[in-house]
Amino acid sequence: KMSVLVIGDASLLARSASAASSLHFVPCTAAAAEMKLPLPAEWASSVVIDLPGAKPEIHRSVMPDVLRVMAKGAKVSISHRDKDADTKAWIDRLVFAGFVDVTESKSFDGIWQATACKPVWDAGAAVPLSLKKKKTAAPAPAKKVWTISGDDGDDLMDQDTLLNDEELKAAPKAVDDCEMAEGRKACKNCSCGRAEAEAAGDAAAAPTSACGSCYLGDGFRCAGCPYRGMPPFKPGERVTID
């Protein structure tokens, strides 16, 4: 047995009286106007609202007061028979009043019904949220380890067999102390005399120009000019003739 709040007509009162130990009845005509229920807070364990007639009306002050007199977790049921009614408006009325778990259904004979519950928490209840991120230790870097498996089928190579005698003979010769190899020019700070020898050899090997116009290009060179076929160069520039 439980305490039931009934809003509707007299026929609904008769159906609900047998299941309630305490019952408070409000005519549906009274719910169409602003009202204050003469009940203490959290009195009703169940609420039944049935609005007969073609155009059911309920004042906007009714549902918040119904929520006040309901116990935490109690359920309210609303039904009407208006086929053209805006069902979304009825759902919004329950949600804005503070009800939760709102559901709706419609029977085959056109009766629309919605159910909702009063929250089990108090109005204005708050729970502190921790927004600090937990510091997690950075994972240790994985150690690089070289492993050699004896079962991989690869034989170790003998380094003495990598080069044969002919390949060793064809290996490049080592350079001397001044990093000079045969056929290369002397280094910038040459101290072995190679730079002077090259300068003397170039001076002796450089041909002299009889006409003085060899540096201008093939158009100014004679038929026997040793510079024919070479690009123009600056006067006095050292030119090597192969």
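**Ground rules.** I worked from a predicted model in which local features need pLDDT of at least 70 and side-chain atom pairs count only at pLDDT 80 or more, while totals for chains, interfaces and linings use all residues. Residues are numbered from 1 along each chain as its sequence is written, and side-chain values use heavy atoms, with hydrogens and water left out.

**Salt bridges.** I looked up pairs in which a side-chain nitrogen of Lys or Arg is within 4 Å of a carboxyl oxygen of Asp or Glu, and the count came to four salt bridges. One of them joins lysine 36 to aspartate 65, with the closest N and O atoms 3.5 Å apart. Lysine 36 lies in the loop between α2 (28–31) and β3 and aspartate 65 in helix α3 (residues 62–69), so this pair ties together parts that are 29 residues apart in sequence. I took helices (H or I, at least four residues) and strands (E, at least two) as DSSP runs, numbered from the N terminus. Aspartate 65 also forms a salt bridge with arginine 68, at 2.7 Å between the closest N and O atoms, and I noted that Lys36, Asp65 and Arg68 are linked in a network.

For accessibility I used relative accessible area, where buried means under 20%, exposed over 50% and partly exposed in between (1.4 Å probe, protein chains only).

**Aromatic pair.** I counted rings of Phe, Tyr and Trp (its six-membered ring) as paired if their centres lie within 6.5 Å, with planes under 30 degrees apart stacked, over 60 edge-to-face and the rest tilted. The structure holds one such pair, formed by tryptophan 90 and tryptophan 112, which is tilted, at 6.1 Å centre to centre and 50° between the planes. Tryptophan 90 is in helix α4 (residues 87–97) and tryptophan 112 in strand β6 (residues 112–117), so the pair ties together parts 22 residues apart in sequence. Tryptophan 90 is buried at 9%, and tryptophan 112 is buried at 3%.

**Strands.** I treated two strands as paired if DSSP finds at least two bridges between them. Strands β3 (residues 44–51) and β4 (residues 70–80) run parallel and are joined by seven bridges, whereas β4 and β6 run antiparallel with six bridges.

**Valine 239.** I found valine 239 in the segment after α6 (194–205), buried at 16%.
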